[in-house]
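The tour goes through charged pairs, then a sheet and the helix on it.

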Amino acid sequence: MSTTLRSLNRALLARQLLLKREKIATVDAVERLLAVQAQLARPPYVALWTRVQGFRRDDLTAALVKRTLVRATSLRGTIHLTSAADFVQFRTTIQPGLDKGLASILKARIEDADLDAVLTAGRAFFDAPQTFDALRDHFQTRFPKLDTRAIAYCTRLRMPTVQVPDDSPWGFPAQADFVAAERWLKKKPAAKADAAALVTRYLAAYGPASIADAQAWLGLHDLKPVFAALAKTLTTIPGLKKADLFDLPDAPRPSEDTPAPLRFLPDYDSAVVARADGRIIPIEQRSKVFLSALRVAPVVLVDGFAAATWKVERKKDVATLTVTPFTRLSAAAKAEIEREGTTLTKFVEPEAGKIAIEI
């Protein structure tokens, strides 16, 4: 394929199930996406609603309860939704990135700590579901001379844990309990790292990509040797700038003229976070999407590119979807926003008696 911004956009949309809603099982959809950003409880539900044909809230909640999906600290030290199988396979692979992040942020605050003792205490604590607030209180008593917040964060990145779902509307309360992953899944994370398999899965979901792209999204460093080892199995594509892009030979790369339907993406959507090159968020609009305090706004895709942000608010019996365009929208785009937005608002606020759309 010739490398243009639109061709890269269509490749990403195809892999992200955003060119059409696909009839696919919930766990399979999450595995296709590799990992779904999940700092907040609601966004993964919206992310799957916008991608999966006939998706219902219960589909995700049931998979979490059955433990075939997990919400856990994962890539870049951030909460993600992954399949249980992928969590077990790749948790050891991502640990070096978590360690490096931990060292860069907290090195001076944990250098006097006996981390083996801290992690032993953390494992015992999370043998049963507990919050990290409760862990900090526990550590304050157990290790009164140490930086409680720092050693709790160290535990979060060094010890594989998962969140415990409950009957909250979006599967988890604001302060969810964590429990040792091995306890929850009855399996230990893989003993050996497999960066090649993780990179291959990343390219399937987010390619074509440069080595720097992969390192940034996976939170790993020095992946050049991994790409070199995979070289014979990958296709090299000229990038828009200097760096070559790598891809799987049989990955979808549709024509740049392929129609792209209007889609609503939630806060922190992985497709948005994964790409800093303008292939989904126009460079000149990034400040409207990537906000202070590391927030990432929900966006509306028009012709495949972010053209607006959105929010749903409920007041009494009325649920209002407010769409804030970056530039003037066409009448056709507005009509499509009203159609798709009405369905979205019903999904987010099913008990609302009335729906209003403001553009």
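Buried means under 20% relative accessible area, exposed over 50%, and partly exposed in between, with a 1.4 Å probe and protein chains only. This is a predicted model: local features need pLDDT of at least 70, side-chain atom pairs count only at pLDDT 80 or more, and totals for chains, interfaces and linings use all residues. Residues are numbered from 1 along each chain as its sequence is written, and side-chain values use heavy atoms, with hydrogens and water left out.

**Stop 1: helix 7**

Select Asp133. Its relative accessible area is 37%, so Asp133 is partly exposed. Helices (H or I, at least four residues) and strands (E, at least two) are DSSP runs, numbered from the N terminus.

**Stop 2: pairs across the sequence**

Which residue forms a salt bridge with Arg158? Select Asp99: the closest N and O atoms of this pair are 2.8 Å apart. Arg158 belongs to helix 8 (residues 148–158) and Asp99 to helix 5 (residues 84–110), so the bridge ties together parts 59 residues apart in sequence. Arg158 is partly exposed at 29% relative accessibility. Asp99 is partly exposed too, at 27%.

Move to Asp127 and Arg183. They form a salt bridge with closest N and O atoms 3.7 Å apart. Asp127 lies in the loop between helix 6 (115–125) and helix 7 (132–142), and Arg183 in helix 9 (residues 181–185), so this pair ties together parts 56 residues apart in sequence.

Now select Asp213, Arg275, Asp277 and Arg279. Salt bridges link them in a network. The whole structure holds 19 salt bridges.

**Stop 3**

Zoom in on strand 10 (residues 305–315) and strand 11 (residues 318–325). They pair in the antiparallel sense over 8 bridges; strands pair if DSSP finds at least two bridges between them. Pick Glu313: its bridge partner in strand 11 is Thr320.

Notes
Salt bridge = Lys/Arg side-chain N within 4 Å of Asp/Glu carboxyl O.
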